[in-house]
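Visitor: Could you walk me through how to read side-chain contacts in a model like this one?

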Amino acid sequence: MAPVRVAVIGAGPAGYYAAEALLASETPLVAVDMFDRLPTPWGLVRAGVAPDHPRIKSVSAQFAEIASHPRYRYFGNVELGRDISRDELLARYDAVLYAVGARSERRLGIAGEDLPGSLAASDFVAWYNGHPDHAALAPDLSGTRAVVIGNGNVALDVARMLLLPQGELSQTDTADHAIAAFATSNIREVVILGRRGPAEAAFTTPEIRELADIEGLDVGVDDPALLEQPLPPDTPDIKRIQRNITALAKYGAGRVDGERRMRFRFLRSPLEIGGNGRVESITLGINRLETEGGQTKAVDTGERETIATDLVIRAVGYRGVPLPGVPFDEASATIPNEQGKVTGGEREYVAGWIKRGPSGVIGTNRGDAVETVERLLADFADADSKAAAQDEISGWLRSRCPEMVDHAGWLGIDRHETGLGEPSGRPRVKLVTIDAMLGVARTATSADELQTQD
Ligand SMILES: Cc1cc2nc3c(=O)[nH]c(=O)nc-3n(C[C@H](O)[C@H](O)[C@H](O)COP(=O)(O)OP(=O)(O)OC[C@H]3O[C@@H](n4cnc5c(N)ncnc54)[C@H](O)[C@@H]3O)c2cc1C
């Protein structure tokens, strides 16, 4: 019997974990075609996770293993909404599974947010990771202080990357343009702002602790008394919070005159980013905390504070974007679903950040994708495949997207990048333009085709 043919849109962790669960199914047997808008797969593992955390990036080896399955195919440089449509996919596949992540930013909605020198973390992170859409960002690192707004791990990643000692990135896959920019950066102090207190911060403890290992970095909390406030015993996630507070307390007030400084400043809301033609300052509202119905919220005391700064990075969260023709819930910026089946959809499923919103670590996407796939498999338990034949689909894609990058093309890019990295002991040197990627993919695909003909 022909396998049930599923199009997985998005080659990030959710897409791969969904593919893994689909390919493991015996009844029905499933074939997976995975699409990504970029020639390269791996989503935020390639373009989000900080490059000084290579161990975390090494999860990509699992994705490569999943991709080696004989019933898996890859179609890169094909964007749903730009190159192909939802209806075209539904006409050719038994089911379509969206795993497109959340690639936009949440906005602060304050004056000065768009001044030069005020950047979304989503852009900055993509820049240092060599995402081709953001390679030209060229952030101005000529000032001495940066303010990072947000109290999650992305804020910590950004602050750390700005303050790592010279040479620390030379062994990583940080984009070459970013290594060069960080090498001449003047940033010496990063202030991390949280609206609420240390107990409400979303950091995870290892990310706080590892700051102690960064050579020459002074870490400190601007108001260490905040670390001494007792936590109600029924506080959700109390273990993580206690560990965080202990880790922060070890830094205490820190040194304020060190050569490179990371400062945590809690109970501050950004009200306005000021400057004449570019960022020069940020005005903050000073908050106190109030607990109501188990929820701790920040309440404005009316006091204000202005910090001089040359760079503001807004790390207040990612946001999903709608796919043309696919149901979308504006409030949560997700695709509405029941256990991963799209509400109001037709043979459509969803996994990962676009299903549940932009939170959770890479591994969280595995259970999430498995739930979706269980739902999908139950719907197709007794169904005969009505999908188009494999060759018909690749013929259609080739005619629609002549620059489509198949799995051989991606493997060519991968070999090329890792080969460039080898002499200097780097995991890879990333290609950062679509043209460069396509150039390498073309030769790889044709070389592989020649080998097959031999
Ligand atoms: C800055 C940052 C650092 C992080 N660091 C860590 C960490 O250290 N450890 C950890 O465990 N987790 C980390 N995470 C979380 C982790 O990256 C996410 O949980 C995970 O990547 C979400 O997976 P996803 O597949 O839903 O989305 P993504 O990883 O975003 O993948 C979505 C994919 O869909 C593609 N796509 C989008 N739109 C389309 C379209 N229209 N057509 C075709 N393809 C499309 C994109 O190109 C992308 O490849 C980090 C996240 C961020 C933002």
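Visitor: Let's start with R188: how does it count at 29% relative accessibility?

Guide: Buried means under 20% relative accessible area, exposed over 50%, and partly exposed in between (1.4 Å probe, protein chains only). At 29%, R188 therefore counts as partly exposed. Bear in mind that this is a predicted model, where local features need pLDDT of at least 70 and side-chain atom pairs pLDDT 80 or more, while totals for chains, interfaces and linings use all residues. Residues are numbered from 1 along each chain as its sequence is written, and side-chain values use heavy atoms, with hydrogens and water left out.

Visitor: Which side chain does R188 meet in a salt bridge?

Guide: A salt bridge here is a side-chain nitrogen of Lys or Arg within 4 Å of a carboxyl oxygen of Asp or Glu. The partner of R188 is E259, at 3.5 Å from N to O. R188 sits in the loop between α8 and β8, E259 in the loop between α10 and β10, so you're looking at distant parts of the chain, 71 residues apart. (Helices, H or I with at least four residues, and strands, E with at least two, are DSSP runs numbered from the N terminus.) E259 itself is exposed, at 54%.

Visitor: How many salt bridges does the structure hold?

Guide: There are 43. Take E113 and R314, which meet at 3.4 Å, N to O. That pair links the loop between β5 and β6 to strand β14, 201 residues apart. Both ends get the buried label, because E113 has 3% relative accessibility and R314 has 5%. Then there's R304 with D300, whose closest N and O atoms are 2.9 Å apart; R304 is partly exposed at 43%, and D300 is too, at 38%.

Visitor: Which residues form an aromatic cluster?

Guide: Y16, Y17, F63 and Y72 make up one.

Key
Rings of Phe, Tyr and Trp (its six-membered ring) pair if their centres lie within 6.5 Å; planes under 30 degrees apart count as stacked, over 60 as edge-to-face and the rest as tilted.
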